[in-house]
Amino acid sequence: MNFELWLQKIADFLVNAGVPAEQGATAALALVYLCLTLLSLVVVVFLLRRNLRSRKGPAVASGKPVEQEERAAAEDVVAMEPPQVEAAPAPTAELEPKPALPAALEEPANLFQRMRQGLAKTRSSLVGRVDALLGGRSSLDSDFLEELEEVLITADFGMQATQELVQALTGRLKEVDPGEPAQLHRVLGEEIRARLKTTAAGWPVPESGPLVIMVVGVNGVGKTTTIGKLAKQFADQGKKVVLGAGDTFRAAAAEQLEVWGTRSGAEVIRQAEGSDPAAVAFDAAKAAVARKADVLILDTAGRLHTKVNLMEELKKVRRVVDREIPGAPHETLLVLDATTGQNALIQARMFQQAVAVSGIALTKLDGTAKGGIVVAISSQLDLPVRLIGVGEGVADLRPFDADEFVAALFANN
């Protein structure tokens with residue numbers, strides 16, 4: 001009797017047992033495979049047990065437990081190995097330690113190096129591809145400009161800034177020798193620098209009371225971490241800082257802010273989870289004035305920039321703070337994630353319309369090859385990028401310097 005006939009009999013049996021007729025053949029085949037699998041497992045277990053008994057045989061015959069036999073064998077192996085002779089360390093010439101650079105000279109170099117490292121991905125994407133465009137060209141023509149436009153858009157310079165840059169470069173190509181990439185770097189760097197809006201050094205100085213910085217942005221961009229780093233920087237300058245835990249909707253947001261408060265020595269004003277953010281802002285403003293704080297930083301709940309009611313809540317927070325500290329907030333800092341590219345530009349536009357954003361903190365710039373978003377935001381929205389994040393450390397939240405940005409972007413590898 002062949003396999004197909006057996007399979008048909010099994011299928012008929014299963015159909016009689018209640019399996020739908022159209023699934024009988026499939027169920028029969030599955031049952032056969034299951035039986036074969038179980039049979040294979042039984043055979044494997046039998047062979048393993050047989051092999052294990054055969055390995056234990058010599059130990060039983062010698063009258064010693066298996067563990068003692070294995071231990072004795074290991075000791076014999078160790079006894080047979082030649083003794084290891086430890087090599088004498090090679091003589092090393094004493095080097096005269098280099099004198100440490102003065103802090104005033106060493107620190108700027110370190111800061112620029114961190115900036116350069118933070119822009120490594122953007123530099124590789126932009127400058128590397130621009131140099132590749134120059135390869136083998138004897139002249140810079142319209143084809144070159146078209147390809148350059150694609151490179152700039154890919155680096156998230158945005159359409160408007162890209163067109164402005166290409167138009168400006170069109171009139172300056174005579175300054176560039178295709179065989180000298182540094183010349184194109186210089187010209188492109190100058191045009192990028194011209195489109196970066198700068199702010200006065202330092203933060204606003206209020207006529208009376210503490211400096212109030214209100215921090216806004218959608219969820220996940222790094223608002224709380226940015227606030228914590230700012231608080232630590234202010235504290236290191238000897239300033240007294242109060243933090244307002246106005247993100248009352250995200251779980252553990254206040255606890256996260258308190259961790260940063262502990263690190264920086266800042267007092268954190270908070271209420272129960274789900275409380276009215278404006279009430280937290282009121283308490284924080286009162287506390288900052290009563291304690292004669294130098295800086296009050298207000299965290300706010302992360303919210304979608306498309307939700308009108310949530311934007312209205314931010315306006316309410318502003319009104320409450322202004323009532324308690326006239327002129328506050330003195331800075332409304334919008335935190336954006338650089339890795340989101342053009343979406344960050346959309347967020348900036350919506351927040352700017354709703355809450356009068358005065359500056360941008362662009363985080364995670366070290367994690368993206370699209371650092372051109374700095375130029376897009378600055379040129380299209382006429383908003384200054386006040387802070388950039390180029391690493392995880394507190395010092396890696398840097399005041400944005402347009403000259404330093406361009407220099408680091410086109411720094412030689």
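## Exercises on a predicted model

Of the 413 residues in the protein, 41% are buried, where buried means under 20% relative accessible area, exposed over 50%, and partly exposed in between (1.4 Å probe, protein chains only). This is a predicted model, in which local features need pLDDT of at least 70 and side-chain atom pairs count only at pLDDT 80 or more, while totals for chains, interfaces and linings use all residues. Residues are numbered from 1 along each chain as its sequence is written, and side-chain values use heavy atoms, with hydrogens and water left out.

**Exercise 1.** Describe how helix H5 packs against helix H6.

Solution. Helices (H or I, at least four residues) and strands (E, at least two) are DSSP runs, numbered from the N terminus. The axes of H5 (residues 120-134) and H6 (residues 142-154) come within 10 Å and cross at roughly 165 degrees; axes are lines fitted to C-alpha atoms, for helices over the stretch in contact, and angles run from 0 to 180 degrees between N-to-C directions. Angles under 35 degrees count as roughly parallel, over 145 as roughly antiparallel, 65 to 115 as roughly perpendicular and the rest as oblique, and H5 and H6 are therefore roughly antiparallel to each other. Their crossing is right-handed, a crossing being left-handed if the near helix is turned anticlockwise from the far one by less than a right angle, and right-handed if clockwise. The contact (heavy atoms within 4.5 Å) involves, among others, Arg129, Val130 and Leu133 of H5 and Glu147, Leu148 and Val151 of H6. By class, this contact of H5 with H6 has eight nonpolar, two polar and two charged residues, where Ala, Val, Leu, Ile, Met, Phe, Trp, Tyr, Cys and Pro count as nonpolar, Asp, Glu, Lys and Arg as charged, and the others, Gly among them, as polar.

**Exercise 2.** Carry out the analysis for helix H12 and helix H13.

Solution. H12 (residues 308-324) and H13 (residues 342-355) pack at an angle of about 45 degrees, with their axes 9 Å apart. That angle makes H12 oblique to H13. The contact is formed by Met311, Leu314, Lys315 and Arg318 of H12 together with Met350, Phe351, Ala354 and Val355 of H13. These residues of the contact of H12 with H13 divide into six nonpolar, no polar and two charged. H12 passes H13 in a right-handed crossing.

**Exercise 3.** Inspect the backbone at proline 329, lysine 364 and aspartate 382.

Solution. A cis peptide bond, with omega about -5 degrees, joins alanine 328 and proline 329, and proline 329 is found in the loop between H12 and strand E5 (331-337). Lysine 364 has a phi near 60 degrees, a positive value in a residue other than glycine, and at 34% relative accessibility it counts as partly exposed. Aspartate 382, in the loop between H14 and E7, has a phi near 55 degrees, which is positive in a residue other than glycine; aspartate 382 is exposed, with a relative accessible area of 51%.
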